[in-house]
Amino acid sequence: MIHIGRIIERELRRRRYSVKWLAAVLHCDRTNVYKLFRKNSIDTELLLRISEAMEHDFFRYYTDSLNEVGEEDPACDCDDCNTQDSPP
């Protein structure tokens, strides 16, 4: 399961951005940023704002997760999984 709050916190610290900086960008209090770090999921509009501010595609973690699900289940018979190497 993806814990987007932890991922955002890790990336924020990796880039050496401060919590104060992110709070200012999001127009919120620092305590709200710390609450954000504890969330498993967040609103997509907020995730987009964070992605743009930090110049990091946080949506990628979800799409990567979706791709892994398809790869891990070779018995899947959905159209998306069966389009590879299939004749039209």
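**Group meeting: helix packing and the core**

I'll start with helix H2: the buried residues of H2 are covered by elements that include H1, H3 and H4. This is a predicted model, so keep that in mind throughout.

Which residues of H2 are buried? They are Val19, Leu22, Ala23 and Leu26. Around the helix axis these four span an arc of only 100 degrees, so they sit on the same side of H2. After H2 comes His27, with a positive phi near 55 degrees.

Next, the core. The largest nonpolar core contains 18 residues, and Ile4, Ile8, Ile42, Ile50 and Phe58 have the most contacts inside it. At least two core residues come from each of H1 (4-14), H2 (19-26), H3 (30-37) and H4 (44-54).

Take Ile8 as an example. Leaving aside residues up to four places away in sequence, Ile8 touches Leu22, Leu36, Phe37, Ile42, Leu47, Ile50, Met54 and Phe58.

Last, the pairing of H1 with H3. How far apart are the axes of H1 and H3, and at what angle do they pack? The axes are 7 Å apart and the angle is about 120 degrees. An angle of about 120 degrees makes H1 oblique to H3. On the H1 side the contact uses Gly5, Arg6, Ile8, Glu9, Leu12 and Arg13, and on the H3 side Tyr34, Leu36 and Phe37. Sorted by class, that contact has five nonpolar, one polar and three charged residues.

Methods
Residues numbered from 1 in each chain as written. Predicted model: local features only at pLDDT ≥ 70, side-chain atom pairs only at ≥ 80, totals over all residues. Heavy atoms only, no water. Core = buried A, V, L, I, M, F, W, Y, C linked by side-chain atoms within 4.5 Å. Buried < 20%, exposed > 50% of the residue type's maximum accessible area, 1.4 Å probe, protein only. Contact = heavy atoms within 4.5 Å. Axes fitted to C-alpha atoms, helices over the stretch in contact; angles between N-to-C directions. Parallel < 35°, antiparallel > 145°, perpendicular 65-115°, else oblique. Nonpolar A, V, L, I, M, F, W, Y, C, P; charged D, E, K, R; others polar. Arc of directions from axis to C-beta.
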